[in-house]
Amino acid sequence: MRRTRASIIESFAQLLEERPINKITVKDIVNRCDINRNTFYYHFPDIPSLLLEMMEEKVNALIAYHYTPGRPLDCIKPVLQYGEAHKQAILHVYRAVPLETFLFYINRLTQYAVNAYFASISKTISIPARDAEILNHHYKCIVVGYLLDWLDAEMQYDLETDIERICSLMEGVETRALQKSIGQTAVKSAIKE
């Protein structure tokens, strides 16, 4: 059962590399994975349900297996590499699903990456929770913006190189912001006393 479901998802993902969603039929999927239509419908009511299940699975796999905190780029590199490896499929999905659905998954991925990065920093610097939330949100929004711009540009430019450069230019900014947060908290505590 699980193997058949996985085969359906993988066949669909392969077809997405070749053509847009509106050009993929259940017949294409069942022919690709050598099952009958009833087996497909046993697992999925329709192609949109299959698409959502595939997106959920791919995002969960990226989160579970590919994040290594370190430099900011190290945290988002798996998303960029997956995007480069599956460019056509991602563009087909991006063009086909409602933006809010796509954003839900992009936000999950980027939030996880940013959380991983700030968790690695916070091992050496302790800051107030609210400041950590604000910085975390700020960086998540930046990464989401970059990803959406890249998608809108049909993934035609080298986003990894651009992010590598911006990280180099901004190196240490997040640490200084964290240090300022600690300093302001200490000053506020001293004023209250």
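**Helix 6 and helix 8.** I looked up how helix 6 (residues 87–96) meets helix 8 in this predicted model. Their axes come within 10 Å and cross at roughly 95 degrees. Axes here are lines fitted to C-alpha atoms over the stretch in contact, with angles from 0 to 180 degrees between N-to-C directions. Helix 6 is therefore roughly perpendicular to helix 8 (65 to 115 degrees; under 35 is roughly parallel, over 145 roughly antiparallel, the rest oblique). I90, L91 and Y94 of helix 6 touch L148, L151 and D152 of helix 8; contact means heavy atoms within 4.5 Å. By class I noted five nonpolar, no polar and one charged.

**Ground rules.** The model is predicted: local features need pLDDT of at least 70, side-chain atom pairs pLDDT 80 or more, while totals for chains, interfaces and linings use all residues. Numbering runs from 1 along each chain, and side-chain values use heavy atoms, without hydrogens and water. Helices are DSSP runs of H or I, at least four residues, numbered from the N terminus.

**Helix 7 and helix 8.** Next I checked helix 7 (residues 99–121) against helix 8 (residues 129–152). The axes come within 9 Å and cross at roughly 135 degrees, which means helix 7 is oblique to helix 8. Helix 7 contributes F102, L103, I106, N107, T110, Q111, V114, N115 and F118 to the contact. From helix 8 I listed residues including L135, Y139, V143 and L147. The contact divides into twelve nonpolar, five polar and one charged.

**H43.** I found H43 in helix 3 (residues 37–43). H43 counts as buried because its relative accessibility is 12% (buried is under 20%, exposed over 50%, partly exposed in between, 1.4 Å probe, protein chains only). Leaving out residues up to four places away in sequence, H43 touches M1, T4, R5 and I8.

Conventions: Helices (H or I, at least four residues) and strands (E, at least two) are DSSP runs, numbered from the N terminus. Ala, Val, Leu, Ile, Met, Phe, Trp, Tyr, Cys and Pro count as nonpolar, Asp, Glu, Lys and Arg as charged, and the others, Gly among them, as polar.
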